[in-house]
Amino acid sequence: MDDAALLNYCLSKPGAWQDEPWEGDVVAKVGDKIFAFLGATSVGLKCGRTREEADELVRVYPDDVAASAYIGRYGWNVVQLGGAVPDDEVRELVDLSYEAVVRKLPKSKRPTV
């Protein structure tokens, strides 16, 4: 999966929109919260409620998944695109990240499905 296909997949989620909060850094948001940090060769996603949960993915794909800088302690990982993590699993991780962020939004800001 390339970065354009991943961005399109992220933006297909209800209420999702593209933002560039820092020059050159594209993210996908729902409401006012980020659910995917999109890079040219990787994506940052919420992969667990805790660091311990997110580390399960790191153990399975040690060469292609790592804790995110700064926010890794909150369960965010960086997943390399085009590596050992299959595209369908990357899409599933996007789904889980999106759902985790939507759950934390106030009901008034949650997208209607």
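Contact here means heavy atoms within 4.5 Å. The views below come from a predicted model, in which local features need pLDDT of at least 70, side-chain atom pairs count only at pLDDT 80 or more, and totals for chains, interfaces and linings use all residues. Residues are numbered from 1 along each chain as its sequence is written, and side-chain values use heavy atoms, with hydrogens and water left out.

**View 1. Leu57 and the residues it touches.** Leu57 sits in helix H2; helices (H or I, at least four residues) and strands (E, at least two) are DSSP runs, numbered from the N terminus. Setting aside residues up to four places away in sequence, Leu57 touches Cys47, Val65, Asn77, Val79, Glu89 and Leu93. Its relative accessibility is 10%, so Leu57 counts as buried (buried is under 20% relative accessible area, exposed is over 50%, partly exposed is in between, with a 1.4 Å probe and protein chains only). From Leu57 to Asp87 it's 30 residues in sequence and 14 Å in space, C-alpha to C-alpha.

**View 2. Ile34 and its partners from elsewhere in the chain.** You'll find Ile34 in strand S3. Ile34 counts as buried because its relative accessibility is 18%. Apart from neighbours within four places in sequence, Ile34 is in contact with Trp22, Val27, Ala28, Lys29, Trp76 and Val101. Ile34 and Val102 are 68 residues apart along the chain, with 9.9 Å between their C-alpha atoms.

**View 3. Helix H1 against H3.** Two packed helices are described by the angle between their axes and the distance between the axes. For H1 (residues 3-11) and H3, that's an angle of about 35° and axes 10 Å apart. The axes are lines fitted to C-alpha atoms, for helices over the stretch in contact, and angles run from 0 to 180 degrees between N-to-C directions. On the H1 side, Leu6, Tyr9 and Cys10 make the contact, and on the H3 side it's Val90, Arg91, Val94 and Asp95.

**View 4. The largest pocket.** About 530 Å³ of space lies in this pocket. On a 1 Å grid over the protein atoms alone, a pocket is an open set of points where a 1.4 Å probe fits, with protein on both sides within 12 Å along at least five of seven lines, and lining residues have an atom within 4 Å of a point. The lining has 22 residues, and Lys46, Cys47, Gly48, Leu96 and Ala100 are the closest to the centre. Strand S3 (33-38), helix H2 (51-60) and helix H3 (87-104) are the elements that give two or more residues to the lining. H3 gives the most, with nine residues. By class, the lining has 11 nonpolar, one polar and 10 charged residues (Ala, Val, Leu, Ile, Met, Phe, Trp, Tyr, Cys and Pro count as nonpolar, Asp, Glu, Lys and Arg as charged, and the others, Gly among them, as polar).

**View 5. The second largest pocket.** This one has a volume of about 250 Å³, where a volume is the space filled by probe spheres set on grid points joined across faces, edges and corners. Phe37, Leu38, Gly44, Ser68 and Val78 are the closest to its centre among 14 lining residues. The lining has nine nonpolar, four polar and one charged residues.

**View 6. Tyr70 in its loop.** Tyr70 is in the loop between strand S5 (65-67) and strand S6 (76-80). It isn't a glycine, but Tyr70 has a positive phi of about 70°. With a relative accessible area of 74%, Tyr70 is exposed.
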